[in-house]
Amino acid sequence: MTASSPPPKRRASTIGISAGLNARLAANLPAEIPRDSLPARGLDAQNAYELIHDHLMLDGNARLNLATFVGTWIEPEARRLMVECADKNIIDKDEYPQTADLEQRCLRILANLWNAPDPTQAIGISTTGSSEGCMLGGLVMKWHWRQRRRTAGLENGTPNLVMGSNTQICWDKFCAYFEVEPRLVPITADRLQLGAEEAVARCDEHTIGVVGILGSTFDGSYEPIEELSRQLDALQERTGLDIPIHVDAASGGFVAPFNSPDLVWDFRLSRVVSINSSGHKYGGVLPGVGWVLWRHDDLLPAELRFNVNYLGGQMPTIGMNFSRPGAQVVAQYFNFLHLGREGFAHRMATLEAIASHLADGLRALPPLRLVSHPLGQLPVFAVELDPSVRNWSVFHLSDKLRERGWQVPAYTLPADCQERAVLRFVVRAGFSRDMADALLDDIERAVGWFESLTLPMPEPITSSSFRH
Ligand SMILES: Cc1ncc(COP(=O)(O)O)c(C=O)c1O
């Protein structure tokens, strides 16, 4: 049980047996089964399955979930491979050398895709998701900073990391877990992301690096990584401070190379030392797999890598976890093999077109205003209400859409813009143009209903239920 989900007060401590359970097997069961303690006697597997299956029926429909960035659809063939690999632990590289080989192939493909100067010299690892990739990217920057300071005989106890206040929560975690001061660049009404100049102004000799996001969790926009790199070059010329960039391309790492090939954000910039991305977001895999890569083998200190030699040659193991499923890595390779460059480009262009269709349809509804547009960024965008709207909010609209099964999160923007509440739409593989039209119809109906109100709606009770 998590701290945020205390059991409802009236919840019994036992599970009642439902009439739908297999009658023959249920005949010998106790009438009640403890809910939160280990039952003295176990259930028959089929009945246990049915009980849990029924319990899960109240979960949202993953395909109608426009809240998450994480994959909810995958080709049946990839799903089959995942089931075939469900028992493989990726850390057992000697037992499953073929799975380990696919992981290495994926890393080389990503090094190519992200324009590493020499993809054979880039080094990386699969992770459980971007959060772990971010932790590792941050840790390596911190390690290098501390080594430089130690070597120079300088104080090295007060590292800081510069980033926008719009960064994903994993960066707050990184700073808290690893004792790094977060130096946040506040967003403003006209700039809902990191400003390059503002970031550089916060850098000093204690800065381990700057994080740039591709793209922002709040509105899908890409941060100006190339400009940030230019400004950090200028800082180095002025002061001698050489500050690296880690790109958090959790979503954009699989989108920008196809939708925005001319956008320079990756290892083409020598200041970009590491990049993370989530295979389980636009990489098209079900949760959870992420990737982190360093531009060159030299950047990953020996102290942070643990070599295994099971496969002949040295294979570094880096990472917070030890045991992890291998199935997602196999599914990632399936996507690379199945889609190829052309297939990824087609998929991303389609998602951009569907998201744009949805955004343009919403823009045409007068009380709604676009905060961002999916063209040239992630197929993600946010809308807000015209300030003249008094009787309802985006939180009410989010709740209303939930009645139809759609999960579209409403939330307030980060510090300095927290008075602005937005509704965010994340369009992913499996969300068709037909579904977009159905959603547009539902939103239009809901907005019409809200606009007909003569009195304000009461406060919604679920306004903080989405945390992405
Ligand atoms: C920019 C960014 N970074 C990191 C993360 C964390 O990713 P994961 O869920 O793969 O750990 C997210 C998740 O939405 C994100 O949008």
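The ligand is surrounded by 15 residues, of which the closest are Gly-129, Ser-130, Ser-131, Gln-168 and Ala-250. A residue counts as near the molecule if its C-beta atom, placed from the backbone, lies within 6 Å of it. The structure is a predicted model; local features need pLDDT of at least 70, side-chain atom pairs count only at pLDDT 80 or more, and totals for chains, interfaces and linings use all residues. Residues are numbered from 1 along each chain as its sequence is written. Helix 5 (residues 130–151) supplies the largest share of the ligand shell, three residues. By class, the shell holds five nonpolar, nine polar and one charged residues. Here Ala, Val, Leu, Ile, Met, Phe, Trp, Tyr, Cys and Pro count as nonpolar, Asp, Glu, Lys and Arg as charged, and the others, Gly among them, as polar. Helices (H or I, at least four residues) and strands (E, at least two) are DSSP runs, numbered from the N terminus.

Seven strands form an open sheet with mixed pairing, in the order 3-9-8-7-6-4-5. Strand 3 (123–127) and strand 5 (181–185) are at the edges, each with a single partner strand, so one side of each has no neighbour in the sheet. Neighbouring strands of this sheet are turned by 20 degrees against each other on average, direction ignored. Two strands pair if DSSP finds at least two bridges between them. Strand 4 (residues 160–164) and strand 6 (residues 207–213) pair in the parallel sense over three bridges. Asn-160 has Thr-207 of strand 6 as its bridge partner. Helix 6 (residues 169–177) lies across strand 4, strand 5 and strand 6, and runs at about 150 degrees to strand 5. Helix 8 (residues 225–239) also packs on the sheet, where it touches strand 6 and strand 7 (245–248); its direction makes about 170 degrees with that of strand 7. Contact requires C-beta atoms, placed from the backbone, within 7 Å. Axes are lines fitted to C-alpha atoms, for helices over the stretch in contact, and angles run from 0 to 180 degrees between N-to-C directions.

Another open sheet has four strands in the order 12-13-15-14, with antiparallel pairing. Its edges are strand 12 (368–370) and strand 14 (410–412), each with a single partner strand, so one side of each lacks a neighbour in the sheet. Here neighbouring strands are turned by 40 degrees against each other on average, direction ignored. Strand 13 (residues 380–385) and strand 15 (residues 421–426) form an antiparallel pair over four bridges. Val-380 is bridged to Val-426 in strand 15. Helix 11 (residues 394–403) packs on this sheet and touches strand 13, strand 14 and strand 15; its direction makes about 40 degrees with that of strand 15.

Helix 10 (residues 327–363) packs with helix 3 (residues 76–84) at an angle of about 150 degrees, with axes 8 Å apart. The two helices are therefore roughly antiparallel (over 145 degrees; under 35 counts as roughly parallel, 65 to 115 as roughly perpendicular and the rest as oblique). Glu-77, Ala-78, Leu-81 and Met-82 in helix 3 meet Ala-327, Val-330, Ala-331, Phe-334 and Asn-335 in helix 10. This contact comprises seven nonpolar, one polar and one charged residues.

Helix 10 also packs with helix 12 (residues 433–451), at about 15 degrees and with axes 10 Å apart. Helix 10 is therefore roughly parallel to helix 12. Ile-354, His-357, Leu-358, Gly-361 and Leu-362 in helix 10 meet Arg-433, Ala-436, Leu-439, Leu-440 and Ile-443 in helix 12.

Terms used. Two residues are in contact if their C-beta atoms, placed from the backbone, lie within 7 Å.
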